[in-house]
Amino acid sequence: PWIELEENWEDPERHVNAGRRSDLRRARRNAEKLGALSFEILAPSASEVPSLLTEAFAVESANWKGREGTALLNDTLQAEFYRRYAAAAAEHGILRLCFLRIGGKAAAVQLAAQTGGRFWLLKIGYADEFARCSPGVLLMLETIRYAARSGLQSYEFLGAVEPWIRVWTERERQCVSFRAYPFSGRGMAALAVDASAALRRRIGRMASSR
């Protein structure tokens, strides 16, 4: 799913219905009751990446992902990939690490890349303790606004189409994921592990959308 960022996307609230706008205002009020809100959209240097990723990974695991064991903190291989990618992206000046803080504490995070005139959303997360105020949605609202004001062409959600994304766009780029496993004991074991993880993620998404 993706958004074509025309000028009027500088005010993203205009692109949702009245009921959704009311939900967004309510979420912000609920967040403000818990503490002062601040939004950070950072383009860190490579030396700043490790500490920021430590905080980002902690937020990403502070919900059902952590409980189900699917967060990056539970996946050494994938976590190492993101650390290496983030360091390389920072060296090229395209990394964006985005935080919503409530009372100074990170409540939601996005790991993204800004390149090719587009904002690419790679990883998102939020802390369960702030779930009542929809911190992930509030942060997304601000990064969409940022992308539009930066003159970018599009906001690329990546991943699968989810009901909460349909609120923002009906546009979709068709993507196919292909995985190959060697016909061996290790290959079959890897297939079983990946299939189990995919099932847990699907159940988690279904639970979080209710």
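This is a predicted model: local features need pLDDT of at least 70, side-chain atom pairs count only at pLDDT 80 or more; totals for chains, interfaces and linings use all residues.
Good morning, colleagues. I shall begin with helix α4, which covers residues 76–91. At 1.5 Å a residue, its 16 residues should span 22 Å, and the C-alpha atoms at its ends are 23 Å apart, which agrees with that expectation.

Which residues of α4 are buried? They are Ala79, Tyr82, Ala86, Ala89 and Ala90. These residues cover an arc of only 95° around the axis, which puts them on the same side of α4. On the other side of the helix, Thr76, Leu77, Phe81, Arg84 and Glu91 are exposed. What do the buried residues of α4 pack against? Their partners are helix α2 (49–60) and the strands β3 (95–102), β4 (105–115) and β5 (118–126). After α4 comes glycine 93, with a positive phi near 75°.

I turn now to the charged residues. How many salt bridges does the structure hold? There are 16, and I shall discuss some of them.

Let us take arginine 101 and glutamate 40, whose side chains form a salt bridge with an N to O distance of 3.2 Å. Arginine 101 belongs to strand β3 and glutamate 40 to strand β2 (residues 37–42), so this pair ties together parts that are 61 residues apart in sequence. Glutamate 40 has a relative accessible area of 25% and is partly exposed.

Another salt bridge joins the side chains of arginine 67 and aspartate 128, at 2.6 Å from N to O. Here arginine 67 sits in helix α3 (residues 64–68), whereas aspartate 128 sits in the loop between β5 and α5 (135–149), so the pair ties together parts that are 61 residues apart in sequence. Arginine 67 is exposed, its relative accessible area being 59%. Aspartate 128, at 28% relative accessibility, counts as partly exposed.

A further salt bridge links the side chains of glutamate 142 and arginine 145, with 3.1 Å between N and O. Why are these two residues separated by about one helical turn? The reason is that they stand three residues apart in helix α5. Glutamate 142 and arginine 145 are both buried. Salt bridges with shared partners also bring in Glu13, so that Glu13, Glu142 and Arg145 form one network.

Let me continue with a residue of helix α1. Asparagine 30 is located in this helix, which runs over residues 18–34. At 10% relative accessibility, asparagine 30 counts as buried, since the cut-off is under 20%. Which residues does asparagine 30 touch, leaving aside those up to four places away in sequence? The answer is Arg132 and Cys133.

Phe183, Met188 and Leu191 together make a nonpolar surface patch of about 350 Å². One of these residues, leucine 191, lies in helix α7 (residues 185–208). Leucine 191 has a relative accessible area of 37% and is therefore partly exposed.

To review, I would ask you to locate two items in the model. Thank you for your attention.

Conventions. Residues are numbered from 1 along each chain as its sequence is written. Side-chain values use heavy atoms; hydrogens and water are left out. Helices (H or I, at least four residues) and strands (E, at least two) are DSSP runs, numbered from the N terminus. The expected span of a helix is 1.5 Å times one less than its number of residues. Buried means under 20% relative accessible area, exposed over 50%, partly exposed in between (1.4 Å probe, protein chains only). The arc is that of the directions from the helix axis to the C-beta atoms. Contact means heavy atoms within 4.5 Å. Patches are made of residues with over 30% relative accessible area and no salt bridge: like charges are joined within 9 Å, nonpolar side chains (Val, Leu, Ile, Met, Phe, Trp, Tyr) within 5 Å. Accessible areas come from the Shrake-Rupley method with a 1.4 Å probe; for residues, only the protein chains shown count as cover. A salt bridge is a side-chain nitrogen of Lys or Arg within 4 Å of a carboxyl oxygen of Asp or Glu.
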